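Hi there,

Here is the structure I promised to send over. Have a look first, and then read on for what turned up in it.

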Amino acid sequence: MSLFRFELRKLLLNKKTLLLLLCLFVLYSVVGLTSTMFLIGGNDSYRAYGELAAGWEGPFDSEKAAEAEKIYQEVSARYGTDARMISRSVKDQPEVILAVNYHAYTERVEEYWNGTPPESAEEPYGIALLQGKLAELERLGKQNTYDYRELSASLQRLEELGEPEFANALLWENLCGNWGEHMMQFLLFVPLTFVTAPVFAVERSSGMDNLILSSRNGRRKIVTAKLLSVLAASTVVVMLYLAATFLFGFLPHGSFHGWDAAIQSLPTYARSMFPWKVWQLAAVGAAWLIFTGAVYSLIVCFISSRMKSQMGTAGVSLAILFVNVGLAAMGDIVNQRLGALVDFGLANVTLMKEVFGGYKSFNVFGMYVSYPIMAVFVLGVVSALAVLGIYRGQKSRTVV
Amino acid sequence: MELQLEAVTKNYKSKQVLKGISLTMGAGVYGLLGPNGAGKTTLIRILADVLRPTNGRVLYDGKDIRTVGDEYRAKIGYLPQDVSFYGDFTGRDYLEYSAALKGMEKARTKKRIEELARSVGLWDDLKRKCAAYSGGMQRRLGIAQALLDDPEILILDEPTSGLDPYERIKFRNIISAYAKDRLVLLSTHIVSDVEQISAQIMMMEYGGIQHIHTGGEYVQMMEGRVWLAEMPAEQLMDYQNRAIISNVRAKDGRMEVRIISDTQPAPDAVQAVPTLEDAYLYLFNYLPGKAGR
């Protein structure tokens, strides 16, 4: 049997871990199920919503907007202005949910044309706002600056995408929420930490280091085997999460409606600059979670190679994860000051809504580089450093 | 094949555990004897390349083992002092995993596992979890692991601890048969383990190799230094604090005492046939006060 298969068995294919995976699958299924049940009432409500929404889907309609606004005003006076909270409060009233969703869509259309308020700390968005800023730069003769190029590119993308359309993509919205919001980091990355933490630390705590380090393949090939097993284990855990939340997110309503809508019809992705359909976003999101899960696992693996115990490894790894989550939650002012530390910290870079839901870009030696490309680059560098560190560490490692 | 240590030292913080050991070993069985804390395990670990010396180097056929790396480790079989296992591994899993670490081919692995498992008496237990093995069985599994790839250099740290007398003899026979054209280094504080099979016996104390001789030379060195004397039990209590005593036996209401001494310890003391154990005690000056080190 090859070293890889042994390492995989030690890490994943053993009774304890398989039991943990089973428990995780149940947990993830419950997450998928409850999130979709909170979205709208029973199957009848969803069907009724679908029938009502069928007449509202498509380009912006001011008459429908006025009608939705009226209902929204009534319902928001009672339940507040948060669309999600309203939807949860009136789960069995699909017509109200539809009005609330159309109201939110109206605001997105408004934002598409008129953009973010001038005093907003966010990056400029919206046709009129971008045009205004470009005109100002032209007046100042700054056509050759990075800012001008960035704003031009944003405007061009926005015009190409066109005005957002309304679509019934409730279940996909729920799926993207499960795959791309902070709760995922706790549900997925915490178990991932415990699955991968033993990879190197177990050899020290079990005393197997003696056998490994004195053997021909104990310095290099075993590292390759361990790294591959970590990547396989992380992929399995992420796939489990993706599969359970996908399956139990759609199963209760038995519908994939909205799969071919533009992602700009999803509230969280309204400002996305990618011309993707919802199913394409889901595919990219799944791939992104697998990728970031693998990068995180490599970081844990590196920590494991430097620690004496599995619990120590898990503790340090989780501390890094939670510090990142804490930094990202500190608000715009702190985030602006910390800049790249937050943008490429684990909390933000693992969230598909952060990476693919906006239009953030970076000035790299005067070049316009989008967030996803920069994120892939930064995570690639981090992974390469972790792998290099692990190989170097194992080469000079001794028993304690 | 030659293994050479050049002024090897090892420090743990301010404590010097190995003090500039220089040594050359060729094919044959080398016994490494010494009291607990002498530095045997540290030396063994350096030779097994799981520990790096603070100063000095180890040469394999004239090349530093750190530069030879994988090629050197491919030549060694190592049984550490404490054999460890993964909880859910069976005996066969453990040996197959060891074979994978040694880069052995599948067909050869299967053949060698069968040969060695039969040889160490574990064939019927290979499907059982290692964790359920007795101490002796775990030790025998460790020995099989060390021999798996038919290594040129076999390094064994306390290989017989936990083995019963029959298993010890069997182990000695395996090693003796194996040692031809190979280098076997056997570290222990049990004199009888090395007495029978070692061509050279190294006595180690205080981080240095103090003596290297054959077993016969050690025994010869002790000629005229081992005595048998009889004394009452009350006298023995006082006497044993002043002399090196290698054995005491009750005989007809008195005590027959085996004394190691350069001079005749008592008027009625008679000379006895020396053993390696006597030499060990003599060379390490095993007075009772020192034995508590």
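How closely do the axes of α14(A) and helix α15 (residues 310-328) of chain A come, and at roughly what angle do they cross? The axes come within 9 Å and cross at roughly 135°. From α14(A), the contact takes I299(A), V300(A), I303(A) and S304(A), and from α15(A) it takes T313(A), V316(A) and S317(A). Sorted by class, this contact of α14(A) with α15(A) has 4 nonpolar, 3 polar and no charged residues.

Before going further, please keep in mind that this is a predicted model.

**Chain A overall**

Chain A has 20 helices and 2 strands. Its C-alpha atoms fill a box of roughly 75 × 60 × 30 Å along the principal axes. Of the 400 residues in chain A, 41% are buried. Looking at contacts in chain A between residues at least 6 apart in sequence, 74% join residues that are at least 24 apart.

On the α10(A) side you will find L187(A), L188(A), P191(A), L192(A), V195(A) and T196(A), which meet V230(A), A233(A), S234(A), V237(A), V238(A) and Y241(A) in α13(A). By class, the contact of α10(A) with α13(A) has 10 nonpolar, 2 polar and no charged residues.

Helix α9 (residues 170-180) of chain A has 11 of its 11 residues buried, so it is largely enclosed by the rest of the structure. Among those buried residues of α9(A) are W172(A), E173(A), N174(A), C176(A) and W179(A). The elements covering them include α2 (15-39), α10, α13, α14 (278-306) and α19 (352-356) of chain A.

Helix α6 (residues 94-114) of chain A is worth a look too. At 1.5 Å a residue, its 21 residues should span 30 Å, and the end C-alpha atoms are 30 Å apart, which agrees. Buried residues in α6(A) include P94(A), N101(A), Y102(A), H103(A), Y105(A) and Y112(A). Their cover includes α3 (43-54), α4 (62-79), α5 (83-89) and α7 (127-139) of chain A. Just after α6(A), G115(A) takes a positive phi of about 85°.

**One serine in chain A**

Leaving aside residues up to four places away in sequence, S383(A) touches V295(A) and L298(A).

**Where chains A and B meet**

The contact takes 23 residues from chain A and 23 residues from chain B. On the side of chain B that touches chain A, α3 (70-73), β6 (76-79) and α4 (91-101) of chain B each supply at least two residues. The largest share of that side, 5 residues, comes from α4(B). By class, the side of chain B that touches chain A has 11 nonpolar, 3 polar and 9 charged residues.

**Two backbone details in chain B**

D150(B) is not a glycine, yet it has a positive phi of about 50°. D150(B) lies in the loop between α6 (135-147) and β7 (153-157) of chain B, and with 15 C-beta neighbours inside 10 Å it counts as partly exposed. Y206(B), also a residue other than glycine, has a positive phi near 50°. Y206(B) sits in the loop between β9 (200-205) and β10 (208-213) of chain B, and it is partly exposed, with 16 other C-beta atoms within 10 Å.

Best wishes

Definitions and conventions: Residues numbered from 1 in each chain as written. Chains lettered and ligands numbered in written order. Predicted model: local features only at pLDDT ≥ 70, side-chain atom pairs only at ≥ 80, totals over all residues. Helix = DSSP H or I, 4+ residues; strand = E, 2+ residues; numbered from the N terminus. Buried ≥ 20, exposed ≤ 12 C-beta atoms within 10 Å, placed from the backbone. Contact = placed C-beta atoms within 7 Å. Expected span 1.5 Å × (residues − 1). Nonpolar A, V, L, I, M, F, W, Y, C, P; charged D, E, K, R; others polar. Axes fitted to C-alpha atoms, helices over the stretch in contact; angles between N-to-C directions.
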